[in-house]
Amino acid sequence: SSLQDAPKDAAELCARADTALYAVNAAGRGSARRYTRDLDRQRAAREALEREMRQRIKAGPAPILFSPIADASSGVIVAAEAILDLTGEGAADITEARLEGLLNEPGLAMDVALWTVSSAINLADTIPNLGDSFNLTPRLFRWEHTAARLAEAIAAVKLDPTRLIAEVPSTAVFVDTDIAIARI
């Protein structure tokens, strides 16, 4: 690093160290990062995306697409899987990869997952005689308040809970079976 690029004071040095530490945490165990200005740009972009997602959550229901699920033997559509759709107008820069990286933040991951699932539950009532399927992320599955939050969303629309299909990834179940049993 050149002297021109050296931090001007202790506050800037701490901010740079924090930025590099965040990059190390995002990269995972056993990694190392050297501070670069590019890390600042990446962090600023991530923070802007987080602000946008939080604004979308406050603004109203999540944009949901439904993908049909058919019975393999009869070909009859029996359910619809709810999928968060961030490809609409004004969302062109929110790709699945950018969102997935952002969802490593525990608080935001919970907020986005609950926003999506709650919106899907609200829309399930508009799909008569079909099951409504949604994915629970491993983190959301392990969170102790998930069942209560889902129950609130179901009660709010007076939806028959037997119409819901919660898809739980195997990684969520096999990481800690005691927690998995308690959550199920």
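Reply: Happy to! One term to begin with: a salt bridge is a side-chain nitrogen of Lys or Arg within 4 Å of a carboxyl oxygen of Asp or Glu. This is a predicted model, where local features need pLDDT of at least 70, side-chain atom pairs count only at pLDDT 80 or more, and totals for chains, interfaces and linings use all residues. Residues are numbered from 1 along each chain as its sequence is written, and side-chain values use heavy atoms, with hydrogens and water left out.

Me: Thanks! How many salt bridges are there by that rule?
Reply: The count comes to seven. One of them joins the side chains of Glu12 and Arg16, at 2.8 Å from N to O.

Me: Where do Glu12 and Arg16 sit?
Reply: They are four residues apart in helix H1 (residues 10-27), so about one helical turn separates them. Helices here are DSSP runs of H or I with at least four residues, strands are runs of E with at least two, and both are numbered from the N terminus.

Me: Is Arg16 buried or exposed?
Reply: Arg16 is buried, at 8% relative accessible area. Buried means under 20%, exposed over 50%, and partly exposed in between, using a 1.4 Å probe and protein chains only.

Me: And what about Arg41 and Asp38?
Reply: Their side chains form a salt bridge too, at 3.7 Å from N to O. Both belong to helix H2 (residues 37-59), three residues apart. Arg41 counts as exposed because its relative accessibility is 53%, while Asp38, at 35%, is partly exposed. There is also a network: salt bridges with shared partners link Asp18, Arg43 and Glu47.

Me: Changing topic, what's the overall layout of the protein chain?
Reply: Along the sequence the pattern reads α-α-β-β-α-α-β-α-α-β-α-α, with eight helices and four strands. Of its 184 residues, 30% count as buried.

Me: Where is Asp132?
Reply: Asp132 is in strand S3 (residues 131-135). With a relative accessible area of 2%, Asp132 is buried.

Me: Which residues does Asp132 touch?
Reply: Leaving aside neighbours within four places in sequence, its contacts (heavy atoms within 4.5 Å) include Phe66, Ala82, Ile121 and Arg163. Ala82 is 50 residues away along the chain, yet the two C-alpha atoms are 7.0 Å apart.

Me: Last one: where does Leu86 lie?
Reply: Leu86 is in the loop between strand S2 (77-84) and helix H3 (96-102). Its relative accessible area is 5%, so Leu86 is buried. From Met53, Leu86 is 33 residues away in sequence and 10.0 Å away in space, C-alpha to C-alpha.
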